[in-house]
Amino acid sequence: QQQQQQQQQQQQEEEEEEDEETPQEQLLEEKQEKQEQPAVVEPSVTHMAADLPPLLNDSPGFAVRPGNVEVLWNAVALDDPVTYEPWYKTFFFGKEHTNYTATSDVGPVIISVVAAAPASFRVIVRTKKMDYKAVLSISASKGKIPIKEICAQPRFGLKLKKLQQVKTAAASQQLVTRLQSYEERQMIRSYKIGVIYCKEGQTLEEEMFSNVCGSEAYESFLGLLGDRITLQGWRGYRAGLDVTCNNTGTQSVFTHFGEFDIMFHVATLLPYSDADSQQVEKKRHIGNDICVVVFKDGDAPFCPGAVYSDFNHVFFVVQRVPTGGYRFEVCAKDGVGHFTQIPQPGLVFDDPRVFRCALLTAVINAERASYTAPGFKMKIQRTRFELLSSLVKEL
């Protein structure tokens, strides 16, 4: 009987071994299952199209900007983000830190220093040219801030005179409050962007500004940019548009993009006058926008010299392609700094959401880069000089 039980147990074990799959058999079955299941294909967001005509022509004072090769188009990738981050509010305000004032060869300077780690300091150096922000690895001697070593950093390029620490409690608190207000004025969170419709065959500014409506593709593009809003009673960012008496039209296009508010000065929505061939009311707004988006129908390239304005520095020319996607090219006035998120010629955005993200990111980067152009640089530096001088004098 015992021998019979052993034979039954052995037979059961052999059957279990036959049922058990080897690792190779398991892999083979998994592979077959994957082949049987339909593959999930991610929709493409862009593709390169051949034989597309250029959207832009070079013009005296303007140059078409080359595209960037490796770009994550569906991300808000802003250039030089540290410059536009509220460092003082985030890292200094409400924390123990030290402020210094000085004069230099470029005017008044205000320096803020806070300990970031046992052997490093976070520093803001404010000059009329710009605010320098850095984390410096410098050892402190006997617990004292190494202010001389900080000021000697080549990246700041400072030649200081009369460096003084703001010591009194009243003066220090007053400066802290003023420095936070000063920083808020530097943080640009609202943008106004011009939008022009260029009908097929139009080459003159007067023709484009005389359009009171556009093609179906153009209207679809406006809907992609933002929301159509009623101006009368509007309580948000208005970008100089009249929100009480409809003097600048009844509607506009507005959007929240990330942390920014963008109001579009849309030429076809601004008031049209039969008696004014130059459409001064439209030009008054769009002619004072740094960046202008031109939606173009037809194959003829847009010439930036067609729009006369000292203020317009960057043009974005957009076109809907027959397949339904969008493409755009960029040209900038001489003196505008480098900026990114520019597509290569022939790049078509198949996903409208990705196109919108790429276009608006490029517009913000372009406007920021324009601040270094001669037309704006001196004005900005003059304003900063006056603000810093006022802060130092009030201490």
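A residue counts as exposed when its relative accessible area is over 50%, and as buried when that area is under 20%. Keep these cut-offs in mind for this tour of a predicted model.

**Stop 1: H338.** Select H338, in the loop between β14 (326-333) and β15 (347-349). Its relative accessibility is 65%, so H338 counts as exposed. Now show its surroundings. Leaving aside neighbours within four places in sequence, H338 is in contact with R65, D79 and A369.

**Stop 2: K133.** Next, select K133 in strand β6 (residues 131-136). Is K133 buried or exposed? K133 is buried, and it has no salt bridge. Select E183 too, the nearest side chain of opposite charge, which is 4.7 Å away. A salt bridge needs a side-chain nitrogen of Lys or Arg within 4 Å of a carboxyl oxygen of Asp or Glu. Then turn to E85, whose backbone oxygen lies 2.7 Å from a polar atom of the K133 side chain. Not counting residues up to four places away in sequence, K133 touches V82, T83, E85, W87, V123, I124 and M187.

**Stop 3: the largest pocket.** Finish at the largest pocket, which holds about 1100 Å³ of space. It is lined by 34 residues; select Y84, I188, R368, Y371 and I380, the closest of them to its centre. Then colour α5 (169-186), β8 (190-198), α9 (352-370) and α10 (374-393), the elements that give two or more residues to the lining. Which element gives the most to this lining? That is α10, with eight residues.

Definitions and conventions:
Residues numbered from 1 in each chain as written. Predicted model: local features only at pLDDT ≥ 70, side-chain atom pairs only at ≥ 80, totals over all residues. Heavy atoms only, no water. Helix = DSSP H or I, 4+ residues; strand = E, 2+ residues; numbered from the N terminus. Buried < 20%, exposed > 50% of the residue type's maximum accessible area, 1.4 Å probe, protein only. Lys, Arg positive; Asp, Glu negative; His and termini not counted. Polar contact = N/O pair within 3.5 Å; in protein donor to acceptor, adjacent residues only side chain to side chain. Contact = heavy atoms within 4.5 Å. 1 Å grid on protein atoms, 1.4 Å probe; cavity = no way out; pocket = protein on both sides within 12 Å on 5 of 7 lines; lining within 4 Å. Points joined across faces, edges and corners; volume = space filled by probe spheres on them.
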